[in-house]
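Here is a short walk through one protein model. Keep the structure in view as you read.

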Amino acid sequence: MEQLMQEARIDELPIDVLAHIFLSFTSFTDLAQASIVCKKWKRGARESLAHRRNLSFAGWKMDDDSAARLVCHAYNLRELDIPRSRWGCQITDNGLLKISMAECVGNLTSISLWGLTGITDEGVVQLMSRTKSLEHLNVGGTIITDETLFAVARSCPKLESIVLWGCRHVTESGLVVLVDKCGKLKSMNVWGTGVPNFCLGNLLIRCPHLLIKA
């Protein structure tokens, strides 16, 4: 009888209270399990995602569909972190294409795709084309090329920092366009890109206030 009374009290909680509780969940597995308890809990789980400002898949094994589904429900998202996880984050260009259609993408200020080996210019360019508010981008450890930098230069006028660590297909041409078009750029990590030091010196001539990490 006591257990039934406790369950009844939980069922009486308003949706916004449930959403606030679910907002504290750090495990997407727990959130998914909560969402299948009943229709009310499913709605509360979705509303908790809608309130999230930061979303990180660090440490989780995500695929294209699961990642895109979560991002699409996070309407107020500002920071998105999709790094290579310990178990292998299986995000591909197809996942980025789906994520690029999410309502929140135009308001994202920070995106990290650190170490994702399954993505190329195709997916990243599509995502960048909709990130008009982006200030911080981390594509270190990926195989993107100058095509991604050209897309960033076209679509991200508010960009302040970019991490290109280990992006060996990036050249001076892409960096020059990025520096010329992104007037608010303050920091650039190009360690391991293979871009010669004299080229980096030319970038500093064009943008003296730029901090280059190489």
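**A guided look at the model**

Lys-98 is partly exposed, at 32% relative accessible area. Its side chain meets that of Asp-65 in a salt bridge, 2.3 Å from N to O. Lys-98 sits in helix H6 and Asp-65 in helix H5, so the pair ties together parts 33 residues apart in sequence. Asp-65 is partly exposed too, with a relative accessible area of 41%.

The count of salt bridges comes to 2. Arg-206 and Asp-180 form one of them, at 2.8 Å, N to O. Arg-206 belongs to helix H10 and Asp-180 to helix H9, so this pair links parts that are 26 residues apart in sequence. Arg-206 is partly exposed, at 48% relative accessibility. Asp-180 is partly exposed, with a relative accessible area of 43%.

This is a predicted model. The average pLDDT is 83, and 74% of the residues score at least 70.

The largest nonpolar core has 53 residues. Leu-113, Met-128, Leu-159, Leu-175 and Met-188 have the most contacts inside it. Elements giving two or more residues to this core include helix H7 (121-128) and helix H8 (146-155). Leaving out residues up to four places away in sequence, Met-128 touches several residues, among them Ile-111, Leu-134 and Val-152.

Trp-191 lies in the loop between strand S6 (187-189) and helix H10 (197-206). Trp-191 counts as partly exposed, at 47% relative accessibility.

Notes
Residues numbered from 1 in each chain as written. Predicted model: local features only at pLDDT ≥ 70, side-chain atom pairs only at ≥ 80, totals over all residues. Heavy atoms only, no water. pLDDT = per-residue confidence, 0-100. Helix = DSSP H or I, 4+ residues; strand = E, 2+ residues; numbered from the N terminus. Buried < 20%, exposed > 50% of the residue type's maximum accessible area, 1.4 Å probe, protein only. Core = buried A, V, L, I, M, F, W, Y, C linked by side-chain atoms within 4.5 Å. Contact = heavy atoms within 4.5 Å. Salt bridge = Lys/Arg side-chain N within 4 Å of Asp/Glu carboxyl O.
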